[in-house]
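These are my notebook entries on one protein. I record below what I looked up and how each term was defined.

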Amino acid sequence: RRPGDSVGFAIVGLGDYALRQMMPRFDQADRAHISALVSGNPDKLAQVGDAYGVPADARYFYEDFAKIAADDRIDAVYIVLPTAFHADFAIRAFAAGKHVLCEKPMALSSAQCAAMIAAGRRADRKLMIAYRCHFEPYNVMAMRLMRERAVGTVRLIRTEQSYRAGPTTPAQNWRFNRALAGGGPLEDYGLYGVQSALYLSGEMPESISATTFRPDGDPRFTEIFAHVASQWRFPSGAVAQLATSYDSANANLAQVRGTEGTLIMDPATNYSGLNMRIEGSGAVALTPGDPTTQFAGQLNHFTSAIRENTPILTGGEMGLRDLRLVEAIYASARSGQVVKL
Ligand code: NDP
């Protein structure tokens, strides 16, 4: 089933998330299809191209990326590369006249984010950051419940995203390489906590204090931090405490304690198997729907924006906002001072 207005995507980077999560979900979207592949690996291009029925002349190497400009089968590119390459490929995709769906984090710095936004404007093409939780039923319901003051006035938000990484080095795994990933768990997994704190509070912080930790002599952490923790103060007086780690037991928690009760999302932002409840007077378990619809939901949102010019909920400005917060967190940790925003 491919309606006439289906959006053709070039998948840029055939890694774990593209191959195992997103590409198999294109069939569940209303009008998105994979029309091209971009990779550095000829074997993957052949195998994945055959598996998805992508013709040989729609399989590109990174060096040939500019050629996509002449390929009418490609309406949009989906950038699923290590963070360091997001800005460059987004800007080149806009130059080729394509729309851009870009994985999180948007880029390594707020300056790169601003350059991506400007390039999209110049080209008059859409830019969406793949913040899938905005299309995930539990998180969407949580946002609505918080707007409806389901726990009363919000006082304390807590988010934790962690796992314990196995033995690795910056040369072996890009996530541990500062040039490719930035400072570490904050930009990667911890970004879900940053996002949750924002969309559950409905506020922007007015100040941030933060701390980082890097164990001595651990080959995993020669370039990036092992833990990043921050405390945010919101204009309402609410406080958020965020922690993220690549060297702690698994956690994926978002919790909002208000004057009347507590919302607990645990796990909060996984691909599937989410749990959410409200504790307090009359505790309720909330089961709003199948979390795995978030992947197709995200694609549907983007293709509607392309075809009907509907607004993008998770555009470049949101990615830029979040990189500014990441930068404020590191600035506070570096200086030992509270950073006012
Ligand atoms: P992987 O390491 O599994 O894949 C990255 C791919 O990028 C590689 O397979 C490779 O593809 C390509 N690549 C190009 N240059 C390099 C390089 N120098 N080093 C490593 N890879 C390179 O990463 P993920 O799939 O886990 O992550 C990719 C992106 O997706 C990141 O931005 C990440 O943050 C995001 N992500 C988002 C998630 C979400 O839930 N929204 C979950 C997981 C990741 P090839 O061999 O085809 O050239």
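**Entry 1: the model**

I note that this is a predicted model, in which local features need pLDDT of at least 70, side-chain atom pairs count only at pLDDT 80 or more, and totals for chains, interfaces and linings use all residues. Residues are numbered from 1 along each chain as its sequence is written.

**Entry 2: the whole chain**

I looked up the secondary structure and found nine helices and 15 strands. Helices (H or I, at least four residues) and strands (E, at least two) are DSSP runs, numbered from the N terminus. The C-alpha trace spans about 60 × 45 × 35 Å along its principal axes. I then checked the radius of gyration, which is taken over C-alpha atoms and compared with a globule rule of 2.2 Å times the number of residues to the power 0.38. A compact globule of 341 residues would have a value near 20 Å, and the protein has 20 Å, so the two agree.

Next I looked up burial. A residue is buried if 20 or more other C-beta atoms lie within 10 Å of its own, exposed if 12 or fewer, and partly exposed in between, with C-beta atoms placed from the backbone. Of the 341 residues, 47% count as buried.

I also looked up contacts; two residues are in contact if their C-beta atoms, placed from the backbone, lie within 7 Å. Among contacts between residues at least 6 apart in sequence, 70% join residues at least 24 apart.

**Entry 3: the domains**

Domain bounds come from an automatic or database domain assignment. I recorded domain 1 as 7–132 + 295–314 and domain 2 as 137–289 + 323–340. Their C-alpha centres lie 27 Å apart. Domain 1 gives 13 residues to the contact and domain 2 gives twelve residues. On the side of domain 1 that touches domain 2, I found eight nonpolar, four polar and one charged residues. Here Ala, Val, Leu, Ile, Met, Phe, Trp, Tyr, Cys and Pro count as nonpolar, Asp, Glu, Lys and Arg as charged, and the others, Gly among them, as polar.

Axes are lines fitted to C-alpha atoms, for helices over the stretch in contact, and angles run from 0 to 180 degrees between N-to-C directions. Angles under 35 degrees count as roughly parallel, over 145 as roughly antiparallel, 65 to 115 as roughly perpendicular and the rest as oblique.

I found α3 (residues 86–95) packed against α4 at about 10 degrees, with axes 9 Å apart. The pair is therefore roughly parallel. In α3, Ala87, Ala90, Ile91, Phe94 and Ala95 meet α4 residues, including Met116 and Gly120. This contact has nine nonpolar, two polar and no charged residues.

How do α4 and α9 lie relative to each other? The angle between α4 (residues 110–123) and α9 (residues 316–335) is about 170 degrees, with axes 8 Å apart, and these helices are therefore roughly antiparallel. Met116 and Gly120 of α4 are among the residues in this contact, as are Leu320 and Leu323 of α9. I counted six nonpolar, four polar and three charged residues there.

**Entry 4: two single residues**

Is Thr244 buried or exposed? Thr244 lies in strand β10 (residues 239–245) and is buried, because 28 other C-beta atoms lie within 10 Å. Thr244 touches residues including Gln161, Pro185, Leu186 and Val228. Thr244 and Glu160 are 84 residues apart in sequence, yet their C-alpha atoms are 5.6 Å apart.

Met204 is in the loop between α7 (190–201) and β8 (207–213). Met204 is partly exposed, because 13 other C-beta atoms lie within 10 Å.

Terms used
Lists of a residue's contacts leave out its neighbours within four places in sequence.
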